[in-house]
Structures are given as structure tokens and as C-alpha cells.
Amino acid sequence: MNPDTKIILRDLFRNEERSFDFHMPFDDAIDVRAWGRAYLAENTLIIHLNIEYTGKAVCIICNEKFEFKSRRKEQYITEEVENIPSGVYNLENDIRDAVILETPRYQECCDGKCPDRTFVKKYLKP
Ligand SMILES: [Zn+2]
């Protein structure tokens, strides 16, 4: 578990907000950078989370490995303090969910314009 993914509420009660910026490996193939800030608004933890990641995939057309980058994803996470009895909120699951939802299951190299596409065109549905 990456210690940087934890937001400790006690620290937020003392200071007004916490900024974070860290890298998290994900499934060995994706390197995630997450950054943002966390603060308390009365009894609610509010996290402004930005995610950017680079991954490796195999093109569904030419079968070659290629690298892809995600677009930056910004999201707000809110959680009532009473729902965090341990006093520690871990961002890991939120980051995993965002990456899984954002990454297409099947990918094509060259931003969807694989050079081999012309060779397989006759086998593809129009
Ligand atoms: Zn390709």
C-alpha cells in the first residue's frame, strides 16, 4: 500500500488542507500520477483529485505493444467524517476505479489510426 495515498483526518483538523502528489503503479502496466488537495468542510471530507497515467497495451489490429496516455481526469470525492471511523481515508480504491473506468478494454495504436488497419479493413464490419 502506498502511504502517500492516505489522507489522515487528524492532520486536516490541525491544518486547513493537505496537498498531495504521488505516483502509484497499477497492474505493472500503468503508472498513475495523482495529485490534488483534501480539506474538511464542516463534517465532510472533500478531496479534489486529478489523475494522469501512462500505460502499455497491445494494439487490437497490429498486435504491437504501444504506450498510451490518459487524459487528465478531475473529480471531487466527498465523504462524511463519521463514515471514516479509522480517521484515515485511503485514495487507492478511488484511483483504481477511475483508471479502470477510463481505460478502454481494447485499444488501437496511433490514437485509433493503426497503420495496419488498411490490411485488415476487408475483415472488419463497415
Ligand atoms: Zn496497431
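Which residues make up the largest nonpolar core? I began my notebook with this question, and the first entries set out what kind of model I was reading.

**Entry 1: the model and its confidence**

I noted that this is a predicted model, in which local features need pLDDT of at least 70 and side-chain atom pairs count only at pLDDT 80 or more, while totals for chains, interfaces and linings use all residues. Residues are numbered from 1 along each chain as its sequence is written. I looked up pLDDT, which is the predictor's confidence in each residue, from 0 to 100. The mean pLDDT of the chain is 87, and 98% of its residues reach 70 or more. Confidence is lowest in helix 4, at a mean of 84, and highest in strand 7 (residues 88-90), at 93.

**Entry 2: the overall layout**

I found 4 helices and 7 strands in the chain, where helices (H or I, at least four residues) and strands (E, at least two) are DSSP runs numbered from the N terminus. Along the sequence they follow the pattern β-α-β-β-β-β-β-β-α-α-α. The C-alpha trace spans about 65 × 25 × 20 Å along its principal axes. I then checked the radius of gyration, which is taken over C-alpha atoms, the globule rule being 2.2 Å times the number of residues to the power 0.38. The chain has 19 Å, whereas a compact globule of 126 residues would have a value near 14 Å.

**Entry 3: the core**

For burial I used this rule: a residue is buried if 20 or more other C-beta atoms lie within 10 Å of its own, exposed if 12 or fewer, and partly exposed in between, with C-beta atoms placed from the backbone. Buried residues make up 13% of the 126 residues in the chain. A nonpolar core is a set of buried Ala, Val, Leu, Ile, Met, Phe, Trp, Tyr and Cys residues joined through C-beta atoms within 7 Å. To return to my opening question, the largest such core has 12 residues in all: Ile 7, Met 24, Val 32, Ala 34, Ala 38, Ile 51, Tyr 53, Tyr 89, Leu 91, Ile 95, Ala 98 and Val 99. At least two residues of this core come from each of strand 3 (30-41), strand 4 (44-58) and helix 2 (92-102). I also wrote down that, in soluble globular proteins, nonpolar side chains tend to be buried together.

I looked next at helix 2, whose buried residues are Ile 95, Ala 98 and Val 99. They lie on the same side of helix 2 because they cover an arc of only 95 degrees around the axis, the arc being that of the directions from the helix axis to the C-beta atoms. The face turned away from this buried side carries the exposed residues Asn 93, Asp 97, Ile 100 and Leu 101. The buried residues of helix 2 pack against strand 2 (17-26), strand 3, strand 4 and strand 6.

**Entry 4: strand pairs**

Two strands pair if DSSP finds at least two bridges between them. Strand 2 and strand 3 run antiparallel and are joined by 10 bridges, and Phe 22 has Ala 34 in strand 3 as its bridge partner. These two strands form a hairpin with 3 residues between them, and Asp 27 in the turn has a positive phi of about 55 degrees. Strand 4 and strand 6 are also antiparallel, with 8 bridges, and Leu 49 stands opposite Gln 75 in strand 6.

**Entry 5: strand 6 and Glu 79**

Is strand 6 largely in the open or buried? Of its 8 residues the number buried is 0, so strand 6 lies largely in the open. Glu 79 is placed in this strand (residues 73-80), and it counts as partly exposed because it has 15 C-beta neighbours inside 10 Å. Two residues are in contact if their C-beta atoms, placed from the backbone, lie within 7 Å. Leaving aside neighbours within four places in sequence, Glu 79 is in contact with Leu 45, Ile 84 and Tyr 89.

**Entry 6: positive phi values**

Most residues other than glycine have a negative phi, and most peptide bonds are trans. I therefore marked Asn 63, which is exposed with 10 C-beta neighbours inside 10 Å and has a positive phi of about 70 degrees. Asn 63 sits in the loop between strand 4 and strand 5 (65-69). Cys 110, in helix 3 (residues 109-112), has a positive phi near 55 degrees.
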